[in-house]
Amino acid sequence: MDYFERKLDDKRRLTMPTELRDEFATGVVLTRGFVNYLHLYPQQIWDKEVEPALGGSILDEKTADLNVRFRRGKTMAELDQKQGRVTIEQHLLDYAGITRDVVAVRAGAYWRLMAAETAAS
């Protein structure tokens, strides 16, 4: 599965498709994306690929900028195993312009979450 659409519930929870729940069994990391969308990572991908990529010289401005981008507003959560839901913090929804309808597209090892209105354009 490389694409899905969902509506957030009234508590800002995103229900993950059944086919993807094992992928997020170790946890969920949500961050701001490069533009007005969010990145959704399985915890193991964050630990194995993103954290090492954010390493490097503390004096390198590009590395520092990436750290600020991905750590600002970063949230970590467990997937609700009963219904496969994860709560998205309001500040992240505001950043991405997501109100209720969410489009999720796989981008390699992680997912981009965007407002349905944005995805249509």
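Is Tyr-41 buried or exposed? Select Tyr-41 in the viewer to begin the tour: this residue is buried, with a relative accessible area of 4%. Please keep in mind throughout that the structure on display is a predicted model.

**First stop: the aromatic residues**

A search of the whole structure finds three aromatic pairs. In one of them, the ring centres of Tyr-41 and Trp-46 are 5.3 Å apart and the planes stand at 70 degrees, so this pair is edge-to-face. The cut-off behind that name is an angle over 60 degrees. Trp-46 is buried as well, with a relative accessible area of 1%.

The rings of Tyr-41 and Tyr-110 have their centres 5.2 Å apart, and because their planes meet at 35 degrees, the pair is tilted. Colour the strands next: Tyr-41 belongs to strand β4 (residues 38–42) and Tyr-110 to strand β8 (residues 110–115), so the pair ties together parts that are 69 residues apart in sequence. Tyr-110 has a relative accessibility of 15% and therefore counts as buried. With the three residues displayed together, one sees a single aromatic cluster formed by Tyr-41, Trp-46 and Tyr-110.

**Second stop: Thr-31**

Select Thr-31, which is found in strand β3 (residues 28–32). What is the relative accessible area of Thr-31? The value is 0%, so Thr-31 is buried. Display its surroundings: apart from residues up to four places away in sequence, Thr-31 touches Leu-38, His-39, Tyr-41, Trp-46, Phe-70, Lys-74 and Leu-92.

Move to Thr-63, which has its place in helix α2 (residues 61–71). Which side chain makes a polar contact with the side chain of Thr-63? The partner is the side chain of Asp-60, at 2.6 Å. Thr-63 has a relative accessibility of 15% and counts as buried because the limit for that word is under 20%. When residues up to four places away in sequence are set aside, Thr-63 touches Leu-54, Gly-55 and Ser-57.

How many salt bridges does the structure hold? There are six, and the tour visits some of them.

Select Lys-7 and Asp-101. These residues form a salt bridge in which the closest N and O atoms are 2.6 Å apart. Lys-7 lies in strand β1 (residues 3–7) and Asp-101 in strand β7 (residues 101–107), so the pair ties together parts that are 94 residues apart in sequence. Lys-7 is exposed, with a relative accessible area of 55%, whereas Asp-101 is partly exposed, at 26%.

Next, select Asp-10 and Arg-100, whose side chains meet in a salt bridge (3.3 Å, N to O). This pair also links distant parts of the chain, 90 residues apart: Asp-10 is in the loop between β1 and β2 (13–15), and Arg-100 is in the loop between α3 (90–96) and β7. Asp-10 is exposed, with a relative accessible area of 73%; Arg-100, at 38% relative accessibility, counts as partly exposed.

Then select Glu-23 and Arg-106. Their side chains meet in a salt bridge (3.0 Å, N to O). Because Glu-23 lies in the loop between β2 and β3 and Arg-106 in strand β7, the pair ties together parts that are 83 residues apart in sequence. Arg-106 counts as partly exposed, at 25% relative accessibility.

In soluble globular proteins, nonpolar side chains tend to be buried together. Select Leu-14, Ile-88 and Leu-113, the residues with the most contacts inside the largest nonpolar core, which has 23 residues. At least two residues of this core come from each of β3, β4, α3, β7 and β8. Which element gives the most to this core? It is α3, with four residues.

Centre the view on Leu-113. Beyond its neighbours within four places in sequence, Leu-113 is in contact with several residues, including Leu-14, Leu-30, Tyr-37, Leu-40, Ile-88, Ile-98 and Val-103. To finish, select Val-29, Ile-45, Trp-46 and Leu-54, which are included in a second, separate core of eight residues.

Conventions
Residues numbered from 1 in each chain as written. Predicted model: local features only at pLDDT ≥ 70, side-chain atom pairs only at ≥ 80, totals over all residues. Heavy atoms only, no water. Buried < 20%, exposed > 50% of the residue type's maximum accessible area, 1.4 Å probe, protein only. Polar contact = N/O pair within 3.5 Å; in protein donor to acceptor, adjacent residues only side chain to side chain. Contact = heavy atoms within 4.5 Å. Phe/Tyr/Trp six-rings, centres within 6.5 Å; stacked < 30°, edge-to-face > 60°. Salt bridge = Lys/Arg side-chain N within 4 Å of Asp/Glu carboxyl O. Core = buried A, V, L, I, M, F, W, Y, C linked by side-chain atoms within 4.5 Å.
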